[in-house]
Amino acid sequence: MIYLVIILAALTRVVPHMPNVAVVTAVAIFAGSVLPMRKALGITFLVRLFSDIVIGFFAWKLMVAVYAAHLLGVLFGKWIGSGKVSVARFGKVVASSLSTSILFFVLTNFALLYAEYPHTWAGITQAYVNGLPFLRGTLLGDVGFSVSMFLVYDAARVLIPWLKRQRVLTTSA
């Protein structure tokens with residue numbers, strides 16, 4: 001079921017969507033929460049690589065920053081953990097999504113700053129101001145997809161055993 005949630009989420013990366021509304025950071029957070037570190041990193045990078053192959057690659061310095069930012073998502077997922085469904089866990093999902101979005105914004109705009117803007121306070125300011133319109137989409141995608149993935153997964157963790165106890169779902173063929 002974990003992989004099904006990740007695959008369905010990953011497929012949204014290659015359909016038309018609002019700029020910067022992407023699922024990769026949510027996949028990183030979710031995978032980090034429910035999978036061992038190596039699998040979480042592998043799946044996150046495969047989802048990103050697959051979407052880059054389909055959508056297109058970009059400047060390598062920016063790609064390094066983007067992939068590094070997704071690594072942070074996996075680390076935030078480890079902080080959330082795969083524990084019981086709770087309000088505190090939901091709060092960690094939202095906090096992780098918001099934090100990862102902001103760190104993604106800082107890292108990727110710094111990579112653009114380094115490559116495309118003067119290395120002055122004015123250049124730094126301009127790089128981050130010019131990136132603000134993209135932050136909205138990043139926040140919407142990261143928080144929206146993260147919350148959705150965890151809600152679907154946690155609902156299934158609660159409902160499937162309940163449905164089996166009610167004999168709605170059976171394990172026999």
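Colleague: Which residues of α3 meet α4?

Modeller: This is a predicted model. In it, M37, A40, L41, T44, F45, R48, L49 and D52 are the α3 residues that meet α4.

Colleague: And which ones in α4 do they meet?

Modeller: On the α4 side they are M63, V66, Y67, H70, L71, V74, L75 and K78.

Colleague: How many of the residues in that contact are nonpolar, polar or charged?

Modeller: The contact of α3 with α4 has eleven nonpolar residues, two polar and three charged.

Colleague: At what angle do the axes of α3 and α4 cross?

Modeller: Roughly 145 degrees, and the two axes come within 10 Å.

Colleague: Is the crossing of α3 and α4 left-handed or right-handed?

Modeller: Right-handed.

Colleague: Stepping back, how many helices and strands are there in the protein?

Modeller: Six helices and zero strands. Along the sequence that reads α-α-α-α-α-α.

Colleague: Moving inside, which residues touch the most other members in the largest nonpolar core?

Modeller: That core has 21 residues, and I6, V27, F30, L35, I43, M149 and F150 touch the most other members. Two or more residues each come from α2 (24–34), α3 (37–55), α4 (60–80) and α6 (121–165).

Colleague: Which element gives the most to this core?

Modeller: α2, with eight residues.

Colleague: Is α2 buried or exposed?

Modeller: Eleven of the eleven residues of α2 are buried, so α2 is largely enclosed by the rest of the structure. The buried residues include A26, A28, I29 and V34, and also T25, G32 and S33.

Colleague: Back to I6. What does I6 touch?

Modeller: Leaving out residues up to four places away in sequence, I6 touches V27, F30, A31, L35, I43 and M149. Apart from the core that holds I6, there is another core of eight residues, among them A65, V66, Y67 and A69.

Colleague: What percentage of the protein's residues are buried?

Modeller: Buried residues make up 39% of the 173.

Colleague: Last one. What share of the contacts join residues at least 24 apart in sequence?

Modeller: Among contacts between residues at least 6 apart in sequence, 70% join residues at least 24 apart.

Methods. Residues are numbered from 1 along each chain as its sequence is written. This is a predicted model: local features need pLDDT of at least 70, side-chain atom pairs count only at pLDDT 80 or more; totals for chains, interfaces and linings use all residues. Side-chain values use heavy atoms; hydrogens and water are left out. A nonpolar core is a set of buried Ala, Val, Leu, Ile, Met, Phe, Trp, Tyr and Cys residues joined through side-chain atoms within 4.5 Å. Buried means under 20% relative accessible area, exposed over 50%, partly exposed in between (1.4 Å probe, protein chains only). Helices (H or I, at least four residues) and strands (E, at least two) are DSSP runs, numbered from the N terminus. Contact means heavy atoms within 4.5 Å. Axes are lines fitted to C-alpha atoms, for helices over the stretch in contact, and angles run from 0 to 180 degrees between N-to-C directions. A crossing is left-handed if the near helix is turned anticlockwise from the far one by less than a right angle, and right-handed if clockwise. Ala, Val, Leu, Ile, Met, Phe, Trp, Tyr, Cys and Pro count as nonpolar, Asp, Glu, Lys and Arg as charged, and the others, Gly among them, as polar.
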